[in-house]
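Dear colleague,

I am handing over the structure below, and my notes on what was found in it follow directly after. Please read them with the model open beside you.

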Amino acid sequence: MLQTEGELREPRVSARRHRAHRPDIFRMVLRRLYFDWLIPVSLLVGLFLRTREWLFDKSMWLDELMVTYSIAHRSFAGLLTPLNFNQAGPIGWLWAEHASIRLFGMNDLALRFPEWAASIIALVMFPVVARQLTGRSAAPAATVIFATSPELIYYAAETKQYAFDVTSVLLALLVTAWLARDRPTPGRAVLWGLICAALVWCSQPAIAVCAVCGLVLAVRWLRDWRALLTVILAGAILGTSIALDWTVMLRRQSADGTLQNFWREAGGYPPLHQAIPADLHWLGTALASTQLFFSISWPLLAAGLMACGLVVVALGRRRFRPLLLALPMAAAVALAVTDHYPLDRRLALYLYPIAVMLLAAPLALADRQPETTTRWQRPAVVTAAAAALIAVTASGVALGLSKADHPDQGVTGRQAVAFAGQHHQRGDLVLAQTGLPSVLTMNFYGPHYHVRAKGLFYLARPRYNGTCADPFSQHPRVTRVWLIFAEFSVGQPRDRNQMYLSRMAVYGKPVLSYNGQDGAAAVLFDLRRPGRHKPLPRHPLTSQDCIGIWPPWKGPVSTPLS
């Protein structure tokens, strides 16, 4: 039977139709990968990176050691009083640290366990909060950035409260979005109040964020007086908790001007007695430095992208969402301008989740109905937003992923103490360099490696005749002396170790040494092999050319450490 011309042409038509469906299949696969797989894979990667950083078990640095001293030497009730070394922290975090070392022992991993656990909770909550506040299309991209953030990975393994700040802010945003979505019942409102009341004890910036969330809820239900009364009830619970926290903890911390002066010099507060142009200059500098600390490139482009994201969120159906993203940022600036909480680097880490959500929010334009934009405008805007997002966050994502092979080492004071413990012999005289870094490093790590500092060495002035007193006259039988250095203190010259070693070479010969990062070192001198006795050259920064020894450090009010 003969085929007609149309029948002969039909296979070609079918082939063209099949080729036309290929882009649809490819687009469908990409959508499945983006919406169904990107968030779970990002969460697994983030879990691995944070756990890798925690288990790497790096040495603690000065800030960690100073707050650890109070955590380790006090009871739960004792942590309610001002901490040693002008340290401060929310009582919920301090109690979590104290409970951890009671459960798991006094070690680095136990001290950093609460931060690791808080970072994992924040990692799990973030995609839920991002989808609630920005939209379905923005949440996967935002989760990738959040999961691979080098700052969040670093502070997941540091004995400081900043991981608690991030987790507390995310939880406050989550329960507020939940309460604002539907008409609040008294039970739900009380639950919101209790959760936020607990958060203010775990994070200081959470106080401002929870207050902002309460304001957003009041605005959201302003026209419904019954719902507004339930919100006021929840706000009363929150206000009572804040007042109690102020009475117990915050009032004494705010009265101590040491931290405020420190952060003002660091740029966290605007300069005193300056005009409005100087304050605006400070604000621009603070925001730019905070963005760079967040590993966000191109600060101006990032600021424009966040502004566009806020506009896209404001165009959505839920009008409370832009307030939850914008008001915490405004509150952070207001707190810094009024000298209540600094806006600088790690103290602004609690703003990072909000910044990431605003950066990814322009992608939520893809969730809008097709008739709201022309056929070509929406894909073009979403593509441009995606390109800008990649430009400002790619370096941070790459840096975070690199931590899988190269976790943060930081200082190596523990390695110096471990080296001394490995080669220590009975009768050795172990001396720590005068200064808080070396003293606290020896105080914390010495018992772990069975090494105890029997004194502090320092640079002493010569006698009136220009000669140096024998620093070892009180230890006539000592033949081996260890000098232990930790990280550099503020203001110390970079050749600090060489200054000490050159003067110590008069009394003995170095036979073993460990040299780590940031000045950490352990050097063993054999006094049976003295060096050449000749006048040592004076250092241009000091006239103290002799070695002196102080008694062992007994606590914060004993031997001076400066």
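R220 lies over the face of W221, at 4.1 Å from the ring centre, and R188 is placed likewise over the face of W178, at 4.6 Å from the ring centre; a charge is taken to sit over a ring if NZ of Lys or CZ of Arg is within 6 Å of the ring centre and within 35 degrees of the ring normal. Please bear in mind that this is a predicted model, in which local features need pLDDT of at least 70 and side-chain atom pairs count only at pLDDT 80 or more, while totals for chains, interfaces and linings use all residues. Residues are numbered from 1 along each chain as its sequence is written, and side-chain values use heavy atoms, with hydrogens and water left out.

On aromatic pairs, a search of the whole structure finds 26, where rings of Phe, Tyr and Trp (its six-membered ring) pair if their centres lie within 6.5 Å, and planes under 30 degrees apart count as stacked, over 60 as edge-to-face and the rest as tilted. One of them joins F76 and W95, whose ring centres are 6.2 Å apart with the planes at 80°, so this pair is edge-to-face. Because F76 lies in the loop between α2 (62-73) and α3 (91-104) while W95 belongs to helix α3, the pair ties together parts that are 19 residues apart in sequence; here and below, helices (H or I, at least four residues) and strands (E, at least two) are DSSP runs, numbered from the N terminus. F76 is partly exposed at 29% relative accessibility, and W95 is partly exposed at 35%, given that buried means under 20% relative accessible area, exposed over 50%, and partly exposed in between (1.4 Å probe, protein chains only).

A further pair is that of Y458 and W550, with ring centres 4.3 Å apart and planes at 20°, so it is stacked. Since Y458 lies in strand β2 (residues 455-460) and W550 in strand β6 (residues 546-550), the pair ties together parts that are 92 residues apart in sequence. Y458 has 21% relative accessibility and is partly exposed, as is W550 with a relative accessible area of 26%. There is also one aromatic cluster formed by F126, F146, Y154, Y155, Y162, F293, F294 and Y352.

The partners are C468 and C546, with their sulfur atoms 1.8 Å apart, and the link is left-handed, with -70° about the S-S bond. C468 lies in the loop between β2 and β3 (480-485) and C546 in strand β6, so the link ties together parts that are 78 residues apart in sequence. C468 is partly exposed, with a relative accessible area of 30%, whereas C546 is buried at 2%. C196, by contrast, is in no disulfide, the nearest cysteine sulfur being that of C210 at 3.8 Å; C196 is buried, with a relative accessible area of 0%.

Returning to helix α3, its 14 residues should span 20 Å at 1.5 Å a residue, and its end C-alpha atoms are 20 Å apart, which agrees; the expected span is 1.5 Å times one less than the number of residues. The buried residues of α3 are I91, G92, W93, L94, E97, H98, S100 and I101, and they pack against α2, α4 (108-133), α7 (162-181) and α10 (225-255), contact meaning heavy atoms within 4.5 Å. Just after α3, G105 takes a positive phi of about 95°.

Within helix α10 lies D245, which is buried at 5% relative accessibility. Leaving aside neighbours within four places in sequence, D245 is in contact with V200, W201, I207 and L250.

Apart from neighbours within four places in sequence, T412 is in contact with S59, Y514, G516, Q517 and A520. A polar atom of the T412 side chain lies 2.9 Å from the backbone nitrogen of Q517.

Definitions and conventions: Polar contact = N/O pair within 3.5 Å; in protein donor to acceptor, adjacent residues only side chain to side chain. Disulfide = S-S within 2.5 Å.
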